[in-house]
Every structure is written in structure tokens, then in C-alpha cells.
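Me: Could you walk me through how to read a few features of a protein model? I'd like the general idea, then the case at hand.

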Amino acid sequence: MTNDWQFLPNLADEEDGLGHPGIETFTSAPFSGIARESAQNSLDAALRNADGNPQPIRVAFRRISVGREEIPGIDSLTATLDACLGRSRRRGLKKDIEFFEQACRVVQQPKVNVLLVEDYGTVGLRGPTKQGKPFHALVKATGISQKEFTDAGGSFGIGKFAVFAVSHLRTVFYATLYQSDSELAFLCQGKSVLVSHEAGDGTSCRGFGYWGRAGYQALENSSGLPDWLQRTDVGTTVASVGLREEEDWEWRMVVTLLRNFFAAVRDGKVSFTVDTGSRDPIEINSATLDALFEHPAVKKAAEAAGNLDELEFAVAMDRARTSPDAVLHRETFEPVGTFVLRILQETDLPRRVGILRNGMYLTDNLKHFKSKLMRFRLCGDFVAVLEPEDVATSAVVRDLENPRHDELSAERIEDPARRRRVKAAMNKLSEWVRDAIRELAFTPPEEEVLVDELNPFFSAPDNPDRIPDPANEEKDPERIRIKPRIAEPRRPVGEGPEGESGSAGGRKKKGSDAGRTTGDRPGRGRGAAGGRGGRSIPIRHLRTWIPEHRSPHFRTINLEPEGSGMARLEIIAVGATGDAPIELVTLNGHRCARTPSIELREGDRKSLLLEFSEAYPGPLRIVLSRVEEAAHADQA
């Protein structure tokens, strides 16, 4: 039998639909998915030095256009796609119909776009095609990832489906050249993930098909294969046939590579090439990294994908790893291993911790452990980077990773005893990281602020009882006591340390905005917008805010007067070019004068709900003028 497509017989009358869970994982961001998963797989397969550390590798993403006749088994594949379309129409499956109509159009074109992912400097995919070997695990295994090294990243085998998500045909070819004993060996096989269908001879088939030798076996000789599936260097080629193109897809891949592999690029472990075939290739290496971080197309693609904050986080982590100002910590946590923590303090850093492994970014938190590292209250701006120091530690961290490689949890360890030991070590690690950050970046509060609106919910630390309403001094509501208010003696205008000089303003001249004082020299007052000479009542602990579910016509004001008596309340809008008084409509829900009078008691917090005649959300100035002084000024 000649090499051709063979789809599995459906002996159990099973049904494979289009919604394959592995592929669906990547459909929302297919180019980001293939960039991250392919780069990780290639890093995992890097050739190792005698000490176990990986050698530098290169990964190329290349779009090419090939003639239809250059695709192995194209006629057989076309017939299968037609059969899948017929099945979808008979079943009335709208989504399947749309997919296979598009696939049939693409496969009939004289030229078909292919995305090649090629790596160099790796061990390739070792064969032969039997269980337990990496080539078999990639092409045929489900839920299995057969890696060459203990610290390799993939451990669930889901990332292998990312390459199918960018194919209109859900069809991929694999070709690899690897060292087998004393000679080089070659393997090549194609795979399609479609839907259950009926073949031309009436045979019921499943959706999984393979191109290659009889018995679903891979080719072991490159003779007769098109150039794009040939390999001259040890490594692997993964080809997605019928490339599903999107605008700026190449820059989306660049953003993903920068965000997730900046550390491996900076350390010289990997370099990338993204080649669309229609412009100069985009080279990502240690020499171009800084320029690409600032490239307008990179920032545009990151913003379009909603990843601009993550890109800026990557830039901050890169700075922490390279800055001489970063503080370095190292500690061992058995049985996990040794970690290195770098902390950099600079203005506008994101106050986040980045956790890396093998030069790849994993996550910014340890939410499944004691100190989650998600919030750092009372800390100044910083960025921290946490990394395993050696291969053995990386191997344990890998065991904690979820399938998406963006979360760590000890619950993924099956052995209960080992799980407990690892979780205890990771709890200590998380606390160590938090303590190191707090020691360096903790910023104590500079002053205390009374937040009156929270009084109903919290009490003072030294008083377990509910904080009373300052507007109501009655401690026992059943025994109301009436106390006479003792009027303070009337003081001459301008009396007091500030009043003698009139530095707070003074009497208002009729027809003029300027004020004058009865003190020794003119004050700074402005009549209605300036206060009333030395008789203004000072305020402390002033807070204002727009009440929840209210418009800017309303404002709540909390203040503590430093004097007692009746005072006229003036509200002043503070502007860039000048200040202006605001006319009040209501005070605490009741109609009031433009500048109402309120009773004050020194040291008692006052809460006022104001309604303005016009909406005003901006900054305010509050002036309290004694009523007797205000009346005297109005008579002037």
C-alpha cells in the first residue's frame, strides 16, 4: 500500500465532534498558544551539557505557501473533508457546516499556506514510533507527555493541540531528525483531528486520521517528501497546513514570546525567528530584546490582545533580573529545593512577584499556599522575580504546574506523604518571599485619617463597642439628659494669635471682593470666598466625598472644629484660574440658605450632607466663620 491517509475505524459506533477539548483550549488565542507551547517544547528538548544544563537553541516560525500537490495525500484528505461536510449537513450542525465549508474551500486552492515551527539545537523527537518514545507521545498519545529530561515543562500532553488550532484543515505534519545510537534517524507522519464520518466505501470512521505507512506508521525515510518536510539538522519540524491567518498574527506571536520567554532570551538560552514570508523576519534574541520591548507594533499588538500590562510586567521583571540595584536572596526549602529571589525597588514598578522556571514565566502568585503573594499593602513600588536555582528544583516545580503552566498547587502530587512535605516547604517559601519584600519595601503610613463612613462597621481597637454617632451624645436612649449650652463670652473682632494680624481676612468693604481686618495689617481674605478675619474657626480631619449612588450635586463632608459656637458654612470651588463660592440648596436633607449657619462644639466630629445648586465633582475649600463676626462684617 502506498503512503496515504488512514482514519481509525469506528468499531464501537463512537462519535467524535468538532469541539475537541485540547484544541478548544487554544481557539480563543491560537497564535499565542502555538507560540508558547512550541517554544516550551523546544526548550524542553534542548541538548544538554555534561552538567545537565541546556545548550542554546533556535526556534523559527515560518509561513510559506506551497502548491496543493506538495501536500502529502492531498486528494485523500480532500475526500475525507467532503465526507465530514456531508455528515455535518445531514445532522444540521451549523458550526460544523461552517468549519468544513471553509476547509473544503482552502484545500481546493492551488496554493495553500503552511506554518512551519522548526527548532535547532534540540535532541529532536526520538523514535521509533512505539509507546514510551517522545515521537509516539507527541503524535499518538492522549494525556501523556514523554519528555527527555526530568525538568521538562509539559506533563499533560495538552499543549500539542495548539498547532491544530491555527489550521483551517485541523491537519498537522511532524518531521524529525534525531540521533539513534551512532547514526541519524528520520521520522515523518501526518495527523488530522476531524469528526466521525463515513468513508467512500461505506466504512464508519472516527475523526482521527494519520498519514504515513500502512498500519498508521510513520515514514522512516525522507525520500519523496516535499522540501518543507525535509530535515538536514537534528531537530523537529511541526507544520500546520491551511494556516488560519489573522491581522498582525506575527506580532501577537512576538508579544507572547517576549512575555513568556524574556528570561531565556536574555540568558542566551533561546532565540526566535518569526517570518511571514512577505517582509524581513523578526529576530528575537538578547541583542534585540530591549528594542522589541519598545517597538510600536509590539505595544499595539499587546494592547489589542489586552496584554499590555503583562508586557510591561515582563519588562519590569527583566529589569529586576539585570539591574545591579536588585537585592538578591537565596534559600533552600527541602524537599523542593533552592530558590533565588531578586527584588528591585523603583518608582512605578507593579508591586508583583513573577515566578519563572527554565527561563519561562509561569505565574505571579502562589494562591494555593500560605502567603498568596497577590497583594502587598503598605509596600512601596517594587518588582520581584523568583526562580529555581538548579535542575532538580525545576523538576519539583514542574510537578506542581497545571496544564496551562500558569498555576502551582501541591494537590497535583498523588503521593499524600510527599504532597504534605512539598506543601509545607512551599508554604515556608511563600512566607520567605513576603517577608523579604516587606523588609525591603514596607512603607509605614505617614498620618492617620478618620474615616467616618466606616464607623457603623468597625470599632476602635481598645473599645469593642460600636463607635457612637458623634451627632448624638446620648449614651442611654431611655434617660435623656438636657444640658444647657453655655455661651462663650463675645470676643472683639480680630482677637487671637491669628486675628491680630488679620491674616485670615477681615471685614468686607461694600461693593468689593477684598477684605480688610481690624488687626494691624491687611489680611488675605476675599469677602464671601475668603473667610471672616481672625474669627474663622480652624478645621482638622477634614474629608469630603460624593455619596454612593448620588450625583455630583451632592457631597458629604466630615470635619472636626477646633472651636465652639454658631458658624456660617461657606463652600468654595477651587479652580486652576480662581476660586468661586458654591450655592447650597439643602443641608442634611433640609432646605437651607446659601451660606447656612451650623452649631459647632470643639472636638466633636460633624457630618454634613450638602446639595449644591449645580453639579460640581472637583476640589473644595471649607470655611467656617463665627456668626457674630459674619454679622458684624455684613454691617460694614
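This is a predicted model: local features need pLDDT of at least 70, side-chain atom pairs count only at pLDDT 80 or more; totals for chains, interfaces and linings use all residues.

Reply: Residues are numbered from 1 along each chain as its sequence is written, and side-chain values use heavy atoms, with hydrogens and water left out.

Me: At what angle do helix H6 and helix H8 pack?

Reply: Helices (H or I, at least four residues) and strands (E, at least two) are DSSP runs, numbered from the N terminus. Axes are lines fitted to C-alpha atoms, for helices over the stretch in contact, and angles run from 0 to 180 degrees between N-to-C directions. Here H6 (residues 249–266) and H8 (residues 296–304) pack at about 90°, with axes 9 Å apart. That makes H6 roughly perpendicular to H8, a label for 65 to 115 degrees (under 35 is roughly parallel, over 145 roughly antiparallel, the rest oblique).

Me: Which residues in H6 and H8 meet?

Reply: Contact means heavy atoms within 4.5 Å. From H6 come Trp-251, Arg-252, Val-254, Val-255 and Leu-258, and they meet Ala-297, Val-298, Ala-301 and Ala-302 in H8. By class, that contact has eight nonpolar, no polar and one charged residues. Ala, Val, Leu, Ile, Met, Phe, Trp, Tyr, Cys and Pro count as nonpolar, Asp, Glu, Lys and Arg as charged, and the others, Gly among them, as polar.

Me: What volume does the second largest pocket have, and what lines it?

Reply: Rolling a probe the size of a water molecule over the atoms shows where empty space is left. On a 1 Å grid over the protein atoms alone, a cavity is a set of points where a 1.4 Å probe fits but cannot get out, and a pocket is an open set with protein on both sides within 12 Å along at least five of seven lines; lining residues have an atom within 4 Å of a point. Grid points are joined across faces, edges and corners, and a volume is the space filled by probe spheres set on the points. The second largest pocket has about 660 Å³. Of its 29 lining residues, the closest to the centre are Ser-32, Arg-36, Arg-259, Asn-260 and Arg-404. H2 gives the most to this lining, with six residues. By class, the lining has 11 nonpolar, eight polar and 10 charged residues.

Me: How about the second largest cavity: which classes line it?

Reply: The second largest cavity holds about 50 Å³ of space. Its lining has 10 nonpolar, no polar and no charged residues, among them Phe-339, Ile-355 and Met-426.

Me: How are the rings of Trp-5 and Phe-173 arranged?

Reply: A pair of aromatic rings is described by the distance of the centres and the angle of the planes. Rings of Phe, Tyr and Trp (its six-membered ring) pair if their centres lie within 6.5 Å; planes under 30 degrees apart count as stacked, over 60 as edge-to-face and the rest as tilted. The whole structure has 12 such pairs. Trp-5 and Phe-173 have ring centres 5.8 Å apart and planes at 70°, so this pair is edge-to-face.

Me: Which peptide bonds are cis?

Reply: Most residues other than glycine have a negative phi, and most peptide bonds are trans. The bond from Gly-127 to Pro-128 is cis, with omega near 5°, and so is the bond from Glu-334 to Pro-335, also with omega near 5°. As for phi, Leu-378 has a positive value near 65°.
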